[in-house]
Amino acid sequence: MSHTRNDKLNSFRRVSMLTVIAVYFLIWVGGVVRSTGSGMGCPDWPKCFGSLVPPTSVEQLPDNYQEIYLEKRLAKNERFVATLNKLGFSETADQIANDKSILIEEEFNATKTWIEYVNRLIGVVIGLLIILTGYKSLSVWRMDRRITIASFAALILVLFQGWIGSLVVSTNLIPWMITFHMILALLLVGLLIWIYHLASLSLGSSKIRVKVPAKVQWVLVVGIVLMLVQIVLGTQVREQIDIVASSLGNMLRDEWISKTGAIFLVHRSFSLVIMAVHVLFFIWAFRYTLRKSQINLWSQVLMALVILEIATGIGMAYFGIPAFLQPFHLLVGCMITGVQILLFLQLREQQELSLKYN
């Protein structure tokens with residue numbers, strides 16, 4: 001492999017890895033936005049209160065600012081409802097059209113506004129990094145076209161994610177829209193990790209071939225599916241907590257969990273199933289792979305993250321849902337999914353190498 005080719009691939013890998021880290025940082029910031037109730041800190045999108053730099057006091061806004069931005073959001077929602085009807089999602093369109101919570105316009109809060117504004121700025125940085133990733137991928141087109149195609153697919157996904165983010169704001173944080181927004185973020189992480197993995201393969205970074213039984217890969221697939229279900233369950237728990245917190249005037253935090261009902265019990269019990277599956281995967285990965293190999297090392301990271309995720313969940317359940325733990329719990333859950341995807345790709349690579357050379 002030529003020195004120039006190595007340089008191009010290494011340069012692309014650095015950018016793609018930086019983008020993955022930035023997306024995870026954005027997920028954490030998004031968790032901070034949610035835990036502080038700052039999602040509607042900016043009532044419009046992409047600007048914030050009609051400006052590139054938001055105000056710092058209510059005196060900088062017109063007296064009827066709430067009516068102004070409510071009218072803008074409703075107009076956008078009407079267009080969204082019309083689009084959904086054309087696409088055949090009439091039930092969802094009716095749900096949005098008849099949701100009275102959308103009519104609630106929050107009062108200006110400088111802290112919440114700037115938290116949401118910082119969240120958007122980070123989103124812009126990630127957009128630029130995705131563009132840079134696409135640009136860098138052009139130089140490796142001849143080495144592996146999948147890298148370039150996937151990089152531009154990531155760019156399209158980011159644009160779609162931005163549009164969905166604007167709808168999250170215009171629909172006043174409808175819960176299922178927030179969940180969909182989260183799933184898209186996970187999809188973006190998975191796509192970026194795959195891009196990074198492809199670049200690593202082009203560099204020939206995996207030189208050690210070990211025959212790993214198919215059952216190791218399959219138990220990991222089960223773990224991925226269970227983790228995705230758990231994340232969705234977690235968003236539903238969060239939705240119930242939002243309802244309970246609102247009914248209690250955002251006070252009596254120690255009582256929030258007890259009032260969430262069966263969904264929390266399912267979420268909590270499900271974590272034990274996830275732990276059992278990952279313990280099995282860890283044992284098999286330790287048994288069938290070489291010490292200090294990438295699969296072995298990443299399986300240790302995965303196990304540590306699963307334990308940490310359960311620990312933060314216990315912390316929230318028994319200590320009144322501390323606000324600082326909420327975004328951390330979300331971040332660790334998303335990191336688990338990312339490591340799972342990376343391990344799946346590495347295991348599949350080993351399987352393909354075994355078939356090729358045996």
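Student: Which cysteines form a disulfide here, and how far apart are their sulfur atoms?
Tutor: In this predicted model, Cys42 and Cys48 form a disulfide, with their sulfur atoms 2.0 Å apart.

Student: How many disulfides does the count come to?
Tutor: The count comes to one disulfide.

Student: And is that disulfide left-handed or right-handed?
Tutor: The torsion about the S-S bond of Cys42 and Cys48 is about -80 degrees, so the disulfide is left-handed.

Student: Are those two cysteines buried or exposed?
Tutor: Cys42 has a relative accessibility of 0% and therefore counts as buried, and Cys48, at 2% relative accessibility, counts as buried too.

Student: What about Cys334, buried or exposed?
Tutor: Cys334 has a relative accessible area of 1%, so this cysteine is buried.

Student: Switching to helices, at what angle do helix 5 and helix 6 pack?
Tutor: Helix 5, residues 145–170, packs against helix 6, residues 175–203, at an angle of about 165 degrees, and their axes are 10 Å apart. Since angles over 145 degrees count as roughly antiparallel, helix 5 is roughly antiparallel to helix 6.

Student: Which residues make up that contact, by type?
Tutor: The contact of helix 5 with helix 6 involves 23 nonpolar residues, five polar ones and one charged one. Helix 5 passes helix 6 in a left-handed crossing.

Student: What span should helix 7 have?
Tutor: Helix 7 has 34 residues, 214–247, and at 1.5 Å a residue should span 50 Å, which agrees with its end C-alpha atoms being 50 Å apart.

How values were computed: Residues numbered from 1 in each chain as written. Predicted model: local features only at pLDDT ≥ 70, side-chain atom pairs only at ≥ 80, totals over all residues. Heavy atoms only, no water. Helix = DSSP H or I, 4+ residues; strand = E, 2+ residues; numbered from the N terminus. Expected span 1.5 Å × (residues − 1). Axes fitted to C-alpha atoms, helices over the stretch in contact; angles between N-to-C directions. Parallel < 35°, antiparallel > 145°, perpendicular 65-115°, else oblique. Left-handed = near helix turned anticlockwise from the far one by under 90°. Nonpolar A, V, L, I, M, F, W, Y, C, P; charged D, E, K, R; others polar. Disulfide = S-S within 2.5 Å. Buried < 20%, exposed > 50% of the residue type's maximum accessible area, 1.4 Å probe, protein only.
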